[in-house]
Amino acid sequence: MLIAITREVSPRMSECQLTHLARAPIDVSRAVAQHQAYEKCLESLGCRVTRLWAIAELPDSVFVEDTAVVFDELAILARPGAESRRAEVASVAVVALEPYRKLASIRAPGTLDGGDVLAVGKQVFVGLSRRTNQSGIEQMRALLEPHGYSVESVPVERCLHLKSAVSQVAERTLLINPAWLETDAFRGFESLEVDPEEPFAANALLVNGAVIYPAEYARTRKRLKERGIRVVPVEVSELAKAEGGVTCCSLILGLHQI
Ligand code: CIR
C-alpha cells in the first residue's frame, strides 16, 4: 500500500513563485478540479490519498513535493530555497509524515527543495540549483550515507528543479530533457529523451509501474508508449502556470509505521 500526501490548492495560487515563466492568469477553480482529478489518478493506481487542507497565505503549498524527501528509513524535511515557502513544511511533517517515518531536517544555512531530489533505489541525485545549495546537499548526504545511499550532486542551471529535467519512468529508465541538463551522471540508466518541441515534458510521476503524465505532451507521451510504458494522462495546465509538474503535487511513501 502506498500513501500519497497532497494539499488542496491555495485560493491565492496566482501569487505563486515564478522563475522561468511569465505570470499568466490562473483559473483557480480549474486548478482545483485538475488537482482533484490528479488525486483520483493516484487512487486508481493504488494510493491512499491523505489530503491536507488548503493554506491560503501559502500560494505554492499545493506543491508538497518540495517540503520533504521520503525514504524507507527516514523522511528528510526540506528547507525550501524560496523563503515564502518555508512555512509549508511544518504541517506536512507533523500531520502527514510523523506517523510513518523518523524525521530529520535540513538546517540553515542549507536549503533544499524536494523537487531537486531524484532517488532511484539507493542512488540519490540532488540538483544544485537556485533552490538547493551545497550545504543542503551535504546535509542530505550525511543523513543518507549511513543507510547505504549514494548522493550525487548535479548542476541545474537551465530549469527550476532537477526533476524539471529528469524523472524516473520505469525501474531503470529515466525521461530526460538533455537541453536542460548534463546527462553524464545518469549514464548507468536507460534513458528516453523528451521531444525537443516539449521542453517541459521530462517531469513524470511513476506510481506502481504506471506513469502519471501531463496530457498536453502528446509527442513525448508517444515515445513513452513506444517504450512499453503505461501512461495515465492528466490535465495539469493550470498547475503548470505556477511552474508545477506532476511530481510536485504529491509525496508518495510506502505504508509502514515506525
Ligand atoms: C515554486 O516556484 O516554488 C513553485 N511555483 C513551483 C514549484 C514546483 N515544484 C516542483 O517542481 N517540485
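Predicted model: local features only at pLDDT ≥ 70, side-chain atom pairs only at ≥ 80, totals over all residues.
Q: OK, how many cavities of 30 Å³ or more?
A: The count by this rule is one, and the largest cavity holds about 90 Å³ of space, a volume being the space filled by probe spheres set on the points, which are joined across faces, edges and corners.

Q: And what takes up the space of the largest cavity?
A: That space is taken by the ligand, where sitting in a cavity or pocket requires more than half of a molecule's atoms to lie within 2 Å of its grid points. Its lining includes Gln17, Asp60, Phe63, Arg131, His161 and Cys248.

Q: Which residues come nearest to the ligand?
A: Among the 14 residues around the ligand (a heavy atom within 4 Å), Asp60, Asp66, Arg85, Arg131 and Ala242 come nearest. By class this shell has four nonpolar, four polar and six charged residues, with Ala, Val, Leu, Ile, Met, Phe, Trp, Tyr, Cys and Pro taken as nonpolar, Asp, Glu, Lys and Arg as charged, and the others, Gly among them, as polar.

Q: Which side chain has an N or O atom 2.8 Å from an oxygen atom of the ligand?
A: That is the side chain of Arg131, while a side-chain N or O atom of Glu65 lies 2.8 Å from a ligand nitrogen, and a backbone N or O atom of Gln17 is likewise 2.8 Å from a nitrogen atom of the ligand. The protein covers 97% of the 350 Å² of accessible area (Shrake-Rupley, 1.4 Å probe) that the ligand has on its own.

Q: Switching to pockets: what volume does the largest pocket have?
A: About 950 Å³ of space lies in the largest pocket. Of its 32 lining residues, Val70, Ala119, Gln168, Leu206 and Ile252 are closest to the centre. Strands (DSSP E runs of at least two residues, numbered from the N terminus) that give two or more residues to this lining include S3 (68-70), S6 (117-120) and S12 (205-207).

Q: And the second largest pocket, what volume there?
A: Its volume is about 390 Å³, and of the 24 residues that line it, Phe200, Tyr217, Glu243, Gly244 and Gly245 are closest to the centre.

Q: Last topic, backbone: which peptide bond is cis?
A: The bond from Ala108 to Pro109 is cis, with omega near 5°, and Pro109 is placed in the loop between strand S5 (103-105) and S6. Asn208, in the loop between S12 and strand S13 (210-214), has a positive phi, near 45°.

Notes
Residues numbered from 1 in each chain as written. Heavy atoms only, no water. Polar contact = N/O pair within 3.5 Å; in protein donor to acceptor, adjacent residues only side chain to side chain. 1 Å grid on protein atoms, 1.4 Å probe; cavity = no way out; pocket = protein on both sides within 12 Å on 5 of 7 lines; lining within 4 Å. Helix = DSSP H or I, 4+ residues; strand = E, 2+ residues; numbered from the N terminus.
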